[in-house]
Amino acid sequence: MLLSTFISKPDSVSAIMLKVLLALLPGIALYVWYYGPAILVSITLASITALATEAAMLKLRDRPVKPFLSDNSALLTAWLLALSIPPLAPWWLVVVGTAFAISVAKHLYGGLGNNPFNPAMIGYAVLIISFPSHMTHWLSPHGLGQVELSFADQLAYIFGGHLPSGIKLDAVTTATPLDTLKTQLQLDRPVKEILGMPIYGALAGKGSEMVALGYILGGAYLLFKRIITWHIPAAFLGTLLVTAGIFHLIDPGHYAAPLFHLTAGAAMLGAFFILTDPISGPTTPKGKLIFAAGAGFLTYVIRVFGGFPDGVAFATLLMNICVPLIDAYTQPPVFGKKDGGAK
Amino acid sequence: MTNYLFILIGTVLVNNIVMVKILGLCPFMGVSKKLEAAISMGAATTFVLTLASGASYLIHQYLLGPELEYLTTLSFIVVIAGIVQFTEMVVQRTSPALYQVLGIYLPLITTNCAVLGIPLLNVQAKHNFMESLIFGFGGALGFTLVMVLFAGNRERLEGADVPGIFKGSAIAMVTGGLMSLSFMGFSGLVK
Amino acid sequence: MLTALIVMSGIALVLGAVLGFSAIKFKVEGNPLVDKIDAILPQIQCGQCGYPGCRPYAEAIAAGEADINRCPPGGEEGIRKLADLLGVEFKPFGGGTVQKPKAVAFIDENLCIGCTLCTQACPVDAIAGAAKQMHTIIAPVCTGCELCVAPCPVNCISMVVIEEKITTWKWKYPVYALAPVRRSAFGRAPE
Amino acid sequence: MRTLYQFHGGVHPPTNKTQSTRTPIAPAPLPGKLVIPFHQHVGNMARPLVKAGNRVLKGQLIGMPEDGVSSAVHASTSGTISAIGMAVVAHASGLPDLCATLIPDGQEEWVTHEGMAYRTAAGADVRLALRLAGVVGLGGAVFPSDLKLRSGKHKIKSLVLNGAECEPYITCDDMLMRERAAEIIRGAEIMRFMLDAEEVLIGIEDNKPEAIAAMQLAAAASDDKMEVIVVPTIYPSGGAKQLMRILTGIEIAAGVRSTEKGMQCFNVATALSIYRALQFGEPLLSRIVTVTGNVRNAQNFEVLIGAPVNELVALADPLPDTNLYIMGGPMMGVPLPSAQVSVVKATNCIIAASDKLFPPPPPALPCIRCTRCAEACPADLQPQELFWFAQSKNFGKAQEYSLFDCIECGACSYVCPSHIPLVQYYRFAKSEIRALEHEQAAADLARERYEFRQSRIERDKQEKAEKLAQKEMTALAARQSAATPEAAADNSAQLRIQAAVEHAREQAAAARPKNIDTLTPRQQAEIAEIEARRAKAREMAHPDAGQPKE
């Protein structure tokens, strides 16, 4: 018998997830514009793997397949992971990462709603630790590579691992702007000079800064639709800005400008799409601020001082670990028990 | 001074004794079901570990010397066992509640390989007395941090729809592994 | 060789002295654990655990003589609490003990001969009545231990299962429906 | 303009109120049978005063309030009591409860009744009159009103009259305020007088302009300081605590009495019944019920307490695909276990439901912690955490996260994108916790009694041992002191006889039945019968005892 509320708002998990997927489209479109359609291949690959793994895990766990397969959460994980790894990555890299994310990080914990870690970021972390060399070959934006690969050549490389004869991988790929900055700084070149290199645009990487703009657009849509609240993006970007600003003020020759850090790497993707994952994130407003501020700080530290090219994934995972404690210690006071609650 | 700070950050985060060195897994798995127990265990271990680091440095430096190097492990074990016994008695007397919470795990600090591991690492790294103390304290702090975070996660996981065969220790192991994966993000931070 | 012996026995001597001293200094009396276990037990005093009451059973658990899964009235919840307190794994019921629905004793007053055997058996004085007078169960304090049933010479005591009333009715655990919920139409269609 | 305050959260479900406000309140015709439960209020069940076959008059007391929190129950019309027994009542459990079945004779013959001069009578007498009139809160809580009309040691500043009626579909208070504003204001004057409150604040949601106008007109005519305050439409503004927060800015925590903060809150319909009870001596026999939903003519009816729901709904002409009746609104209402249950004092609305009107929700998915529920919660709780703990039966944690501050308003369930029956989980957890607490109390009592028994047995044993020792001592002393053996024998024989006499006396005292002095012949006969049965039982138990030996 139905005993609780008899009416409910016309809303659903799958609709929410669908809106997040929609919000990713401007970023993806700009991605394709600047880097070519290879990313669509990895997104498709990741999506198919995610759905297949999800279905298999649901079957194994004896759970109904249909309602969970149509909740779009597996697709979202797949898209976020595909957007985090190089578009020219071999097919098995995408498949391994996605399958690991869905099966271990999500379904071992009980599937949708139960995972303490962001599955996409677990997938990314596993890949960058297991296959570091494959994870650093990023496609050069249009007009910057020594050679431009045709879409057919890209497909051949993704699925067969062969480049057209006479073309070396290094000729079509490059390190990310963040990675380049780090390696060049180790050669004792000043930031200003490094940022003059052709891969850099107005703020950060050429192309990638525009993709970041696309993510901001999507983020604005999510804020407008009230899928996410302002807390996480604001605290994350704010902390990143302030931390980068302080270091930049101390030594502008060695530390890049704050706006560079905001638009470089996965900062915008993280701020609006990764950290805002409600399942692995905190739930209280104060907790969201602490969580995102911590992630912003860790992102900067790992990016600038650590051994990995970008810090968003690890910062997200490290803050994910802290979520239960953050939630437990930031419970807002209940009705009538606020300090000075009388008026 | 920065040297000490680096040792501290290094032991707490970058070379975390549990997450990176994979030492001290017994209490990490055993006493992390409840948050309070994890905090108390961390505190007790911090006390023992700091004391053991200092004592073992003194013994190694002044009692054993180069010709009795082969007694290092043996003597460290004896000293640690003694300190743990002492701690147990103090805790039982001063805080019966804490004693209750820690239960059988208090004597287990003796067999916590992290507690033996850190003095041995100290010897290996040729730390001086102050460095040994800070290394021991930092290691214990890292241990406590990870214990507390892990306990928080395990308390929450109790409500999760974990598949039957993964319930309990299995999923805790998986979580420990994924936490370790996350801590690898710190690698390269302090050389 | 000799130095090694001297060093090790020196360490042992010092530690022994310190521990011996603290053993006197930090002496603790009594065992608060028994009280804590006793507080968890349902106090039905039924003896189904094989001990003559709840407290003796608590003492046996504290001494490590008895398992935690021998109290059927406490239910699985009770075992879980004991497991939490003692830091051991949860165990299902052992030794052929079954959990029965809650019941109270009922004396058929037509048959009672007033022999007082049942009043002597009742651990909580829940039977009123003197010699040669019929007895009555004081239902609100009856724990349903069934200890009075066997001694009755005329078999006039029976256990009556407590039925659910509106005042004791509990909301049921919602069925986590993954198939669409169908509303169950009531018996007859509304006119 | 008064400053209004806001409470956290709240939702805006479609109100669906206009369907039932098009026609005035209509009296429901006398039904063929009334089933009146004895437990219609919070607290102890009323004690039945009538037996099957008794003729009762309209307004006659048939259920006497028991000690403490309780209220009276009356015959809603004149007729014959055909049965006192268990019947399924309007309760989510679907369990039966003690009811009186009344067959009306159609005479509507009133019991003699008269009003009382409440201004001159002692406060306790006025409250007793209300208790015996069965006046309880008609907003749905059915808490005995007399208990709320004690100002106690706290000074009451504001008397809040709740006319917000925020639940969708329900319009009984709206219609009552439109049609009987003057009487409600009279009731408010009585309550203000009894509580010695400074002001009366009447909160009405802004979607009831007619009611607001009527109430303003009536309030203006009063000598008391009364103010009709229009509050914005938001669910659950009609929750007592939420309304008091809106009107005064003061929040009352769970477990705190509003009087401690100088406030008391009543429903408008309660004000009316208080007025009727004191002015005319009329007990609470009927109430206004909205019949709406899947019906052709949604309308408000004045219904006698005890009238069967199916006869009431038939007046509104339900559509054939109706498959469920809900008592209350769509947010907090409970499905009725059967259409045959009767209207009780808590019945403010009956919604005929069909799958078309309230489509069954899609399958519930796991919680994704989106916190829409936390944003909607008017009690500032974290429903997602409560759900997490309730579904894993971690009751201790659920309580830590203030489960009992939940008012079960359903705002969280309404907004949940996973369609989880959240309130259901909270109700489950709450009743489990209450049961566990009850069990714990029982265990504590058992331990106490057990320990007392142990100590008594120990003491008895000791006393016995002492007595024995003493006896031996005296015997020894006697043996030693006795000059002649004869005297000693005499002495001990005397002792023995004395003991035997005492024993016999004791036994006699123990065996003599008590309370036989004032027995009627019938009772004496009963006792004799029991003795006979007992003798027979004894025979059965010891078959050889009574038989002559061969």
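The model is predicted: local features need pLDDT of at least 70, side-chain atom pairs count only at pLDDT 80 or more, and totals for chains, interfaces and linings use all residues. Residues are numbered from 1 along each chain as its sequence is written, while chains are lettered from A and ligands numbered from 1 in the order in which they are written. Helices (H or I, at least four residues) and strands (E, at least two) are DSSP runs numbered from the N terminus.

**Chain A overall**

- Chain A contains 16 helices and two strands.
- Its radius of gyration, 21 Å, is close to the 20 Å that the globule rule gives for 343 residues, so chain A is as compact as a globular protein of that length. The radius is taken over C-alpha atoms, and the rule is 2.2 Å times the number of residues to the power 0.38.
- The C-alpha trace of chain A spans about 70 × 50 × 30 Å along its principal axes.
- Of the 343 residues of chain A, 57% count as buried. A residue is buried if 20 or more other C-beta atoms, placed from the backbone, lie within 10 Å of its own, exposed if 12 or fewer, and partly exposed in between.
- Among the contacts in chain A with a separation of 6 or more, 76% come from residues 24 or more positions apart. Two residues are in contact if their C-beta atoms, placed from the backbone, lie within 7 Å.

- Helix α11(A), residues 208–224, has 17 residues and reaches 24 Å from its first C-alpha to its last, close to the expected 24 Å. The expected span is 1.5 Å times one less than the number of residues.
- The buried residues of α11(A) include M210(A), V211(A), Y215(A) and L222(A); their cover includes α1, α9, α12, α13 and α14 of chain A.
- R226(A), which follows α11(A), has a positive phi near 60°.
- Helix α16(A), residues 312–329, has 18 residues and reaches 24 Å, close to the 26 Å expected.
- In α16(A), a kink of about 50° lies at C322(A), shortly before the proline P324(A). The bend is the angle between axes fitted to the seven residues ending at a residue and the seven starting there.
- α16(A) is mostly covered, with 16 of its 18 residues buried.

**Contact between chains A and D**

- In chain D, 51 residues are in contact with 32 residues of chain A.
- On the chain D side, β16 (334–335), α11 (411–415) and α12 (422–481) each supply at least two residues.
- By class, that side has 34 nonpolar, 11 polar and six charged residues. Ala, Val, Leu, Ile, Met, Phe, Trp, Tyr, Cys and Pro count as nonpolar, Asp, Glu, Lys and Arg as charged, and the others, Gly among them, as polar.

**Strands of chain D**

- Both faces of β2(D), residues 34–37, are covered: L34(D) and I36(D) lie on one side, V35(D) and P37(D) on the other, and all are buried.
- β2(D) pairs with β8(D) in the antiparallel sense over four bridges, with I36(D) opposite A100(D). Strands pair if DSSP finds at least two bridges between them.
- Eight of the eight residues of β13(D), residues 286–293, are buried, so this strand is largely enclosed by the rest of the structure.
- Six bridges join β13(D) to the antiparallel β14(D), and the two form a hairpin with five residues between them.
- Four bridges join β13(D) to the parallel β17(D), where I351(D) is the bridge partner of T292(D).
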